[in-house]
Amino acid sequence: MKPPSSLPNTLPRPRSELAKLKAVWHLPSGWRTITAVNNTVVGYFYIATAFLFFLLAGILGLLIRTQLAVPENTFLSQDTYNQIFTMHGTVMMFLFAVPAVEAMGILLLPQMLGARDLPFPRLGAFAFWAYFVGGLVFFSTLFFGAAPSGGWFMYPPLTGMKFSPGIGADFWLLGIGFIEISAIAGAIEIIVGVLKTRAPGMTLTRMPVFAWTMLIFAGMIVFAFPAVILATILLELERAFGWPFFIPERGGDALLWQHLFWFFGHPEVYIIFLPAAGMVSMIVPTMAGVPLVGYRLIVVALIATGFFSFGLWVHHMFTTGIPARSLGFFSAASMAVAIPSGIQVFAWIATIASGRLKLTAASLFVLGFLFVFTLGGLTGVMVAMVPFDWQAHDTYFVVAHFHYVLFGGMVFPLFAAFYYWAPAFSRRQLSERLGKWAFWLIFIGFNTAFLPMHVTGLIGMPRRVYTYPAGLGWDTLNMVSTIGAFLVAAGVLVFLVDLVRNLRLTNTDSVGNVWNAGTLEWLPNHAFGTRSVPFVNSLYPIWSTRDLARDVERGGYFLPGTATGSRETIVTSAVNAEPQYVMRVSGPGWAHLSAAVFTAAFFLLLTAKLVIIAVACGILAIASIFIWMRQSDPAPAGKAAIGGGISLPTYMSGPMSHSWWAMVVLSLVAGALYLSYVFSYLYLWTVVPDVWPRPDSLPGLPVLAVSGLAASAVALWAADRCVRLGRRGAFIGLVAVGVVALIASLAADIWSQWHAGIRPDTSGYTAMVYANAVLQAQIVAAVFCMALFAAFRAATGRVDSLRRVAFDNLALFWLFALGQGALGLLLTHGFPRMAAAL
Amino acid sequence: MNVLDPAGPDAGRLAELSWILFIGGGAIFALVLAITFFAMQGSDRSRKRLSGNWLVWTGGIAFPVAVLTGLLVYGLLLMGAESRPAEPDLRVHVEGRQWWWRVSYEEPDGSRLESANEIRIPLGREVEFVLTSPDVIHSFWVPSLGGKLDMIPGRTNRLRLTADRPGVYRGQCAEYCGGPHALMALEVIAMPAGEFDAWRAQASSPVENAPARGGELFLATGCGSCHTVRGTSAAGTIGPDLSRLGERRQLAAARLPMSAENIARFITHGQDIKPGNLMPEFRFLTADETAAIASYLAELK
């Protein structure tokens, strides 16, 4: 898109325009604030909750350090300590780190990209509320002594029913599985937001590094989280019904869990780190007053990190006895991932050198980050050396290492981000004086606590010990670490004082661009983002466009009001940011909120084995989603002029539309989940081939199941024709037939396995066969609900050849169900026959 | 128990590697700090020089690629040194259990010599530890002798170690295994080969002269359903073999020093000493009975 030669809209704007815009984006007040869906409001809630979990898990950390201050301490009992260290890790990773960066994305991205809001505000709010309710209940299991105690990576067999009969492990599996679903919802929102709602002219090469990192972050969530979700499904099936996936004496394998967990767990580290690095790449140029050096190299480095991080999960398993040859590959990959980090570190240093770094509190936290993270990176290279890891693994050396990378790589940048971005959202800046105090306390405290741990580990102290004997040389070092931990706590306390004294969140009159930054989030901001949507001509539009802030605020740029009388944002093309259509986004509501609460209740009550109430909540959750969806997909409203002579459609279906993109990403998530399953199936076969059956004990060829899929596919094709031709009645009939055929196919397959005498609890193999059915049932259930919705929309005249998103979404997922069903049949019926023939 | 104070060639190679990594890492760290300092505080000329893309290319790409390639090759060579095809001089089977170690020496005649929580090895001879677990994952780690290796249910891992300095080396379970994981330690005693052979020759025969009353009480109380004492009817395999308990330096997986008093305390108050351990407390025994059993066990040497 060519830059407009003059302002797209004439000034001054009619007075009523702004009033109308304000009215449409009006925020609910009082207790109704919880129904708000604006990215700023949800962003504040989200960050505040994540920070609350940081404090809570931090207190757990202090309890751990208090217990370990002296040898043979009896401050905490063994069982309490085991629950506390498990919760410290779990809460920090799942309830603080990932949600915190996701929250920063939700708060900052629309502002930074020049969008009025994220594309699915209610989905974002749903993700938050699900996390809020689920997280708080999960945390409070500690107060009832019912928290999990198997360590944050929950290795079976220790976490199997035999060795962990309590419900703590179930809380972990269902609670965390559920919270990850919320993270995935947020990731879909972020991917579509970053790719489709950027301001006109903001090509990918003009996109701020933070947005790049959030895009990669979300993409990694899409591919990494399904692996651990599958693992939690399998382990929960094992615990609840005795399907022996991880029990070696019954044809399972304990290491399967480790592969699945770390296939998620290692990318997880970069999922947390990359957005934090993105924040640093925003702060450094502003504080140095110059553009970022090596922008393109950094983007390449970020993408490379994303890829590499999926190839090194085995480096958490160097001591499991995996043959040296395969370890060599993972060792190489683990070292290679250091290079992209090196690129970023030197790019920041070069940026600092090319400008003059103002030593603000934010800058101090960035410098602290450079110091701590570099050290953590170096020890990371050390533990990537397999022979060194044989010694360091599972000791306090590793505890020190990952706190240097995670606290250094994520918490320091997060504090920098608070000090840096507060003026964009608050009526008052945070105090530079208190910020510097907080920094020095945290920085000195952190190094006092964690530097000695490298030594503690090397002289033999394993991690996860609730006490230790005196006289092994560990006493003094542990005491020093404890003192350091309390210094960190003092620093965090100073920060809290600063927040209370100075943070005054607002949607109308923030302090604004105090640092003279160049990116869009520093334009005057409102509940609707900027008054008009700017044209972006560089990486730092505020620096490169004269009077941008003034003209944007006066409404001189695109879409200065509301074109359709509802909340809107401009959708642009994914690469070049050419305006495509005006999308209407949803406003406040109750339905997504009750959907979130009931979904959380469903999972948590299921854990507590209150099945009937749980099912009731599940039904209420689905009903809420139906009500929520009824208000989605508004009817086409003609063309909308956004200024500069550009007139855009207000409705879009097919590959250009935001909902198509979201469904594709969701299918990728489901696909990644299923591929993790295929991996698990094949992996288990390599470990225990003996439990795979001979062809004569298999059920016959799945003729019925295949016919069901084929019939369903034909019905889908015909239903698509009916939508085009506007034949409503036939459409509803075909959807019904197609979904019934899909269900029948699955039922026929389960029946044939059962009929052949195969029972899920017999061996790892039989458990895998039925796990396939569980995964397919999950998808089929979703297709069923979507079909019900599409049929309802059609019956009420809301589906036609133009307004067809409800059907398009169903069709995409339906296609996915057919593909997964076919692949599943091929695997469970074909593979044993092939393996027998080998 | 110190990675950097090795007592054998395997640990020695790892200690050498560690020093290389620490010194190299320290130097790189100092360099990065120095460059950052100059980027902030240097003269305009030196800052200008640091501000180009070349810094990213050299510092962020060329330098790490070179260093990491070197390290990788070194690491692979070291890993190669660990794989030795020849038969070991001695094979010791170690089974990690919640929360102790079953130890079983392979005798030259193919039989097994059972023990627990303490492993004697001959100096200068290569020992293969055959590592298994019947319950959850544990990890066998004696830092002074070499790296750790996990004990995984359903799998068998083999670790070769050699000691070339006499001494007692503490080891500890390194994979969290629930409950009192923190209190699951062991000791490896490296002794001259001659002494080791002599010890092994007599260790397999039963102890003759232990106090009779304690022995009878031991059997009458039912201790034999979990523990074995060679030469008696006590043949349980759920708990540690006690045939030569008095000979060991430590009690309850290196939780307490060995003494009759500590054995007595463990019998009646084991859950205070090692909370969560799987042995019930025998508080119904009188102090006198407990003392008799304890002194019997302490004399098994």
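Biologist: Between which two helices of chain A is the loop in which A:Pro157 is found?
Modeller: This is a predicted model, in which local features need pLDDT of at least 70 and side-chain atom pairs count only at pLDDT 80 or more, while totals for chains, interfaces and linings use all residues. Residues are numbered from 1 along each chain as its sequence is written, with chains lettered from A and ligands numbered from 1 in the order of writing. Helices (DSSP runs of H or I, at least four residues) and strands (runs of E, at least two) are numbered from the N terminus. On that numbering, the loop of chain A that holds A:Pro157 runs between α4 (121-140) and α5 (168-196).

Biologist: What is omega for the cis peptide bond that joins A:Pro156 and A:Pro157?
Modeller: Most peptide bonds are trans. The bond joining A:Pro156 and A:Pro157, however, is cis, with an omega of about 5°.

Biologist: Is A:Asp547 buried or exposed?
Modeller: A:Asp547, in the loop between α16 (541-544) and α17 (548-554) of chain A, has a positive phi, near 60°. A residue is buried if 20 or more other C-beta atoms, placed from the backbone, lie within 10 Å of its own, exposed if 12 or fewer, and partly exposed in between. Because A:Asp547 has 12 other C-beta atoms within 10 Å, this residue is exposed.

Biologist: And is B:Asn117 buried or exposed?
Modeller: B:Asn117 has a positive phi near 65° without being a glycine, and is placed in the loop between β3 (112-116) and β4 (118-122) of chain B. Since B:Asn117 has 23 C-beta neighbours inside 10 Å, this residue counts as buried.
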